[in-house]
Amino acid sequence: MPTIKSLNKWANAHTYYPLDLLRIALGVFLFIKGIDFVSNSQILVDLIKPVQNLAGTMIVIHYVAPAHLVGGILIAFGLLTRWSVMAQLPLLLGAVLINFIGEMNVSNLIIASIILLLCIFFLLYGSGKHSVDYYLKMQQ
């Protein structure tokens, strides 16, 4: 717990609007990706085809879209950012790995890698000073 407090203190002292805009853009991107998976579930089924024989594919299908939808909203508003990012990490690691297991799609690999790196950054950085988390903390 002391490490999270020290990370929050550092992040609040070094907060900038471009980082907040980047966090909001990440959340909006994940939310839009969740809408894309809900509206066209065949894309998700096609993505999971290389690992279709493994157990738990239905769990994965029912976890990806809601995690992106809810996580995207929470990350965009800066509410429970670290928890939301932790929920995204297995999905993004899977997105990167599917490119190596199945058919290689370079553009999907680049996008998934960039989003994974951004999520790792916000896992360490937190939500920043311009977020709902910070607002609620100041109201106590």
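A polar contact is a pair of N or O atoms within 3.5 Å, where, within protein, one atom must be able to donate a hydrogen and the other to accept it. The side chain of Arg-82 makes an approach of this kind, reaching the backbone oxygen of Leu-123 at 2.9 Å. The structure is a predicted model, and its secondary structure comes to 7 helices and 0 strands.

**Confidence and overall form**

- The mean pLDDT of the protein is 85, and 90% of the residues score at least 70.
- Confidence is lowest in helix H1, which covers residues 2–13 and has a mean of 71, whereas the highest mean, 93, belongs to helix H6, which covers residues 106–125.
- Followed along the sequence, the elements give the pattern α-α-α-α-α-α-α, in keeping with the count of 7 helices and 0 strands.
- The C-alpha trace spans about 50 × 25 × 25 Å along its principal axes.
- The protein has 140 residues, of which 34% count as buried.

**Charged residues**

- The count of salt bridges in the model comes to 1, and this salt bridge joins the side chains of Asp-20 and Arg-23, with an N to O distance of 3.3 Å.
- What the side chain of Arg-82 does reach is the backbone oxygen of Leu-123, at 2.9 Å.

**The nonpolar surface patch**

- Leu-97, Phe-100, Ile-101, Met-104, Val-106, Ile-110 and Ile-114 form a nonpolar patch on the surface, and together they have about 690 Å² of accessible area.
- The elements that contribute two or more residues to this patch are helix H5 (81–101) and helix H6.
- Phe-100, one of the patch residues, is found in helix H5 and counts as exposed because its relative accessible area of 55% is over the 50% cut-off.
- Ile-101, also part of the patch, has its place in helix H5 and is likewise exposed, with a relative accessible area of 51%.

**Residues in and around helix H5**

- Val-96 lies in helix H5 and counts as buried because its relative accessibility is 14%, where the cut-off for a buried residue is under 20%.
- The C-alpha atoms of Val-96 and Ala-112 are 5.9 Å apart in space, although the two residues are 16 apart in sequence.
- Ile-101 and Lys-49 are 52 residues apart along the chain, and their C-alpha atoms are separated by 10.0 Å.
- Glu-103 has its place in the loop between H5 and H6 and is exposed, at 73% relative accessibility.

- Most residues other than glycine have a negative phi.
- Leu-80 has a phi near 55°, a positive value in a residue other than glycine.
- Leu-80 is found in the loop between helix H4 (57–77) and H5, and this residue counts as partly exposed because its relative accessibility of 45% falls between the cut-offs of 20% and 50%.

How values were computed. Residues numbered from 1 in each chain as written. Predicted model: local features only at pLDDT ≥ 70, side-chain atom pairs only at ≥ 80, totals over all residues. Heavy atoms only, no water. pLDDT = per-residue confidence, 0-100. Helix = DSSP H or I, 4+ residues; strand = E, 2+ residues; numbered from the N terminus. Patch = residues over 30% accessible without salt bridge, like charges linked within 9 Å, V, L, I, M, F, W, Y side chains within 5 Å. Areas by Shrake-Rupley, 256 points an atom, 1.4 Å probe, with all protein chains shown as cover. Salt bridge = Lys/Arg side-chain N within 4 Å of Asp/Glu carboxyl O. Buried < 20%, exposed > 50% of the residue type's maximum accessible area, 1.4 Å probe, protein only.
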